Amino acid sequence: MHKFRQNLAHVYMGLFLFYLLAPLVVMSGAAFNDSKLPSIVPWKAWTTRWFSEMFADDRMMWAFVNTLWVAVAVALISVIVGTAAAILVNSVSGKVRTVLYGMMISTILIPGVVIGISTMILWTKMGNALGTEFFLFNPGLHLSVLGQVSYIAAMVMLLVLARLQSFDSGLEEAALDLGASHAQVMRRILLPHLYPAVGAGAAVAFFQSIENFNVTQFTRGGADTLTVYVFSKVRSGITPTINALAFLLILVTLVLAVVYEINRRRKARIEAARESEARRAEEAALL
Amino acid sequence: MQDLLRRYGPGLTLIMCLLVAFWLVMLVIVPNITLFEQSFRPYLPVVDVGGPKDTYSIANYLKVFDGNVEKSLFGYTFSIPVHVYTFSLTILYSMLVTVLCFLLAYPLAYYLAKIVNPTSLPTLILLLFIPLWVSEVLRAFAWWIILAFKGPLNALLQGIGLIEDPIRWTNMGYTGVVIGLVYTYVLFMLFPIYNAIQSLDTNQIEAAGDLGAPWWKIHWRIVLPHSKPGIASGSVMVFMLSAGSLLVPSILGSTTSQWFTQTIDQWFKDALDWNTASAYAFILLAMCTLFVTIAMWLFKVKLSDIAK
């Protein structure tokens, strides 16, 4: 009976993976079907023309470039702000900490629609009040960056805060006692310890920004990002060029995943070899 | 605070405080206050803004109660304002999505935490992560293809003889929206529950089994109570993301499925009435906050438990 349930669990895992990955396969497959409507049935003929049409689509290429710079800006600002926030939260306690932490976390839960509209209204109103035409106060992707940072910074903060728990603040004491300056303590002791979390935070921020639709939709003005462009394409006449794009993005994801996996396995193997070596040495010492 | 000053000196401390202040004040608090203030103002031509007609009123909020529609539920017909109706259905279907996500994710989380061979766990998690890296709009689009009238799902079901005629999936009320939302957000339920179950000592499960507890009782009395914080945080995430989603309802929605965010979007983009859009956005924010607070109070979890 126990065996049966375990097999059932394996089957469920398999089915779930199929459920998650099959839509991506269908979407990629449709990129090669020579049919005006993106689908895999009925299969007409193999073609690669959707790829050449995609590269000829100037608006999509522009949207791609826009997406990249927005994502880089969001990642950069979020990492700086999020790291500072984590250090600050970690060093206060009691009621202040509860309030500060609660406020930061709640930004993740604010619906994107609200963030988008509120960011848009604030900056355009400020521009009107100041009577300036300065670009910062007009709708555009820079407002999308600000809106996205408002909740993505909280994600970075959480990652860095978790890493801070394993930090030994005695190291900073020692450095200060030995005459290090404040900047040196920060740069040489604290930040190197946080780098893994900062790196992970930057990656999360980058991908969250690419994914973002709600905030961008309300703040972008006339500019496109990839998500917004794909959305508008899906609503008005769709061509399989979107599938060609999806296929390429999935391919990049897969390559990254495979590289990561190979790297992980290699490390695990080295680790296992080292462990067995140590065990053998220990046994030899005992003899 | 004293500690910060001593370690990093006044300069660096000030910079860090300013950065955090910029974030919380300029990007979070002030925009939301502006949104709130703006929601009480009438929609006027530019020349009248700031003039005598520009006075505070709750007219924008009252627009929610405009325009009744006849609806019938379980044979009982009633008249309800159209936006209230949309809002109620949004909340209702977001709850349905949350429950479905939980039902799908819980067995899997248990499997990943307790049953699977630990050496293959990282590979499995990596596989599960792949759809997360593919953007939301493409995931919704993938289901748009699958659910299409002449799409693969109908072809498959017809092929194995389950249905005679193709089904119009995207024209059955909220069906398409629910399918899309569950697919998009199920992983946000999976990982918190997995984290919670992982911290459960396997000996407890084995002890219960040795003492003769049937498998369902082990889950009901041991695993479920232990994973409560994970379930709560997953549920809050999925519920808020679903209720606030604009992409999935727009792509997979039918003619009869209106999501509340779509209503906000129409006020903002089509009617260009930002003030009413603000009022509606504020209603969404307030009601969702209220809803989450009640849910957290019912399940006795704190906000700090959620973000783990």
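Here is a short tour of a predicted model, one selection at a time.

**Stop 1: chain B on its own.** Select chain B and zoom until it fills your screen. Along the principal axes, its C-alpha atoms fill a box of roughly 80 × 75 × 35 Å. Switch to a cartoon view and you'll be looking at 14 helices and 2 strands. Of the 308 residues in chain B, 42% are buried. Take the contacts in this chain between residues at least 6 apart in sequence: 67% of them join residues at least 24 apart.

**Stop 2: where the chains meet.** Now bring chain A back. The contact uses 75 residues from chain A and 74 residues from chain B. Which helix of chain B gives the most to this side? Select residues 2-38: that's helix 1 of chain B, and it supplies 20 residues. Color the side of chain B that touches chain A by class, and you get 57 nonpolar, 12 polar and 5 charged residues.

**Stop 3: a loop in chain B.** Next, pick Asp273(B), in the loop between helix 12 (260-270) and helix 13 (274-298).

**Stop 4: a helix in chain A.** Finally, select residues 94-109 of chain A, which form helix 4. With 16 residues at 1.5 Å each, this helix should span 22 Å, and its end C-alpha atoms are 23 Å apart, so the two agree. Highlight its buried residues: Tyr101(A), Met104(A), Thr107(A), Ile108(A) and Leu109(A).

Conventions:
Residues numbered from 1 in each chain as written. Chains lettered and ligands numbered in written order. Predicted model: local features only at pLDDT ≥ 70, side-chain atom pairs only at ≥ 80, totals over all residues. Contact = placed C-beta atoms within 7 Å. Helix = DSSP H or I, 4+ residues; strand = E, 2+ residues; numbered from the N terminus. Nonpolar A, V, L, I, M, F, W, Y, C, P; charged D, E, K, R; others polar. Expected span 1.5 Å × (residues − 1). Buried ≥ 20, exposed ≤ 12 C-beta atoms within 10 Å, placed from the backbone.
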